[in-house]
Each structure stands twice: as C-alpha cells, then as structure tokens.
Amino acid sequence: MADRIPGFAGAPDSNPEIAPYWQACAEGRFLIRACDACGRAHWYPRARCPHCFGDRTDWREATGRGTIYSFSHVARAEVPYVMAYVTLADGPTMMTNIVDCDPASVRIGQAVHVVFKPTQGGPPVPMFTPD
Ligand SMILES: [Zn+2]
C-alpha cells in the first residue's frame, strides 16, 4: 500500500484543462504553464494567462527547483506535516508540502527541489524537499 500523504486526502481532482499536468506527474515530470505573449509562467495552470489575459499559453518543463517563501508546521495533525509556499525558479509561487526532512529544520529561503509522492488511486503529487 502506498504511503499516505499527511494532510492530503485521496487523489487530486483533474479535468481536461489540467490532465496533461497530471499525466506528466505520472511520468515523473513537473510541468508549468507559461504564456507565449508575455513570456511569464503562472501557477496554478490555466489556459488564459493571469498576467496579460492572453490565451496563447502552453506547457513547459519546469526546473523543479525553488525556495521556501513561507511555511507552517502542522504539528497537531494525526501525522504532522509541513505545508509551504514555494517560489519556483520558473517564477510563480505554489502551495505545496515540504517532505522527507525534519520539520524543525525547515527555514524560509531554503532551497528545495521537487519530489513526487504517491496518492491513493490517482497520479503522484509534486511536493518539495530541501536540497
Ligand atoms: Zn501573458
């Protein structure tokens, strides 16, 4: 049986707009959505660019690297976990979990990289771990 992800119930929701993202996660690839008109990436993935409202957006292979913008150690959960905002090297900031480390060692500004964690009945979910 796959590990349960603390603070994450079941499998992620999907829809046609985001299906390629979850397919890539299943292949161990981390995609981000970026705009051909203004050149900026955004999170979460959308067909229309939230920066310039252009509709020429496309999937790009993300670096999978980032730094912790802020975090919260959820110590009172059944299985404690660290939820965080990570600013990706590609530009946007995303909400995620910091995993595979001692929660007491997590720091703002810490360099992290993506890891994929299994879900129950769905694609793996990208999370981050300190370098
Ligand atoms: Zn744009």
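Which atoms coordinate the zinc ion, and at what distances? Select the zinc ion together with Cys-35, Cys-38, Cys-49 and Cys-52, and you will find that the SG atom of each of these residues coordinates the metal, at 2.3 to 2.4 Å. Donors here are N, O and S atoms within 2.8 Å of the metal (3.2 Å for Na, K and Ca), and because water is not among the atoms, sites may look incomplete.

Before going further, keep in mind that this is a predicted model, in which local features need pLDDT of at least 70 and side-chain atom pairs count only at pLDDT 80 or more, while totals for chains, interfaces and linings use all residues. Residues are numbered from 1 along each chain as its sequence is written, and side-chain values use heavy atoms, with hydrogens and water left out.

**The zinc site**

Stay with the zinc ion and display the angles between its 4 donor atoms: they run from 104 to 119 degrees, which makes the arrangement tetrahedral (four donors count as tetrahedral if all angles lie between 85 and 135 degrees). For orientation, the ideal angle for four tetrahedral donors is 109.5 degrees. Along the chain, the donors follow the spacing C-x2-C-x10-C-x2-C. Cys-38 sits in the loop between β1 (31-35) and β2 (41-42), and Cys-49 in the loop between β2 and β3 (57-61), so this pair ties together parts that are 11 residues apart in sequence. Strands are DSSP runs (E, at least two residues), numbered from the N terminus. Colour the two cysteines by accessibility: Cys-38 counts as partly exposed at 32% relative accessibility, whereas Cys-49 is buried at 0%. Buried means under 20% relative accessible area and exposed over 50%, with partly exposed in between (1.4 Å probe, protein chains only).

**Salt bridges**

Next, select Asp-36 and Arg-60, whose side chains meet in a salt bridge at 3.9 Å, N to O. This pair links distant parts of the chain, with Asp-36 in the loop between β1 and β2 and Arg-60 in strand β3, 24 residues apart. A salt bridge is a side-chain nitrogen of Lys or Arg within 4 Å of a carboxyl oxygen of Asp or Glu, and the structure holds 5 of them. Asp-36 is partly exposed at 43%, and Arg-60 is partly exposed at 34%.

Move on to Asp-100 and Lys-117, where the closest N and O atoms of the salt bridge are 3.0 Å apart. Asp-100 lies in the loop between β6 (93-98) and β7, and Lys-117 in strand β7, so the pair ties together parts that are 17 residues apart in sequence. Asp-100 counts as exposed, at 55% relative accessibility.

Then select Glu-27 and Arg-29, which form a salt bridge with their closest N and O atoms 2.9 Å apart.

**A loop contact**

Now centre on Thr-119, in the loop between β7 (111-117) and β8 (125-130). Thr-119 is buried, with a relative accessible area of 10%, and its side chain reaches the backbone oxygen of Pro-123 at 2.9 Å.

**The last stop**

Finally, show the surface and select Tyr-69, Met-83, Tyr-85 and Met-95, which form a nonpolar patch with about 410 Å² of accessible area together. Such patches are made of residues with over 30% relative accessible area and no salt bridge, nonpolar side chains (Val, Leu, Ile, Met, Phe, Trp, Tyr) being joined within 5 Å and like charges within 9 Å.

Note on methods. Tetrahedral: all angles 85-135°; square planar, octahedral: opposite > 155°, others 65-115°. Helix = DSSP H or I, 4+ residues; strand = E, 2+ residues; numbered from the N terminus. Polar contact = N/O pair within 3.5 Å; in protein donor to acceptor, adjacent residues only side chain to side chain. Areas by Shrake-Rupley, 256 points an atom, 1.4 Å probe, with all protein chains shown as cover.
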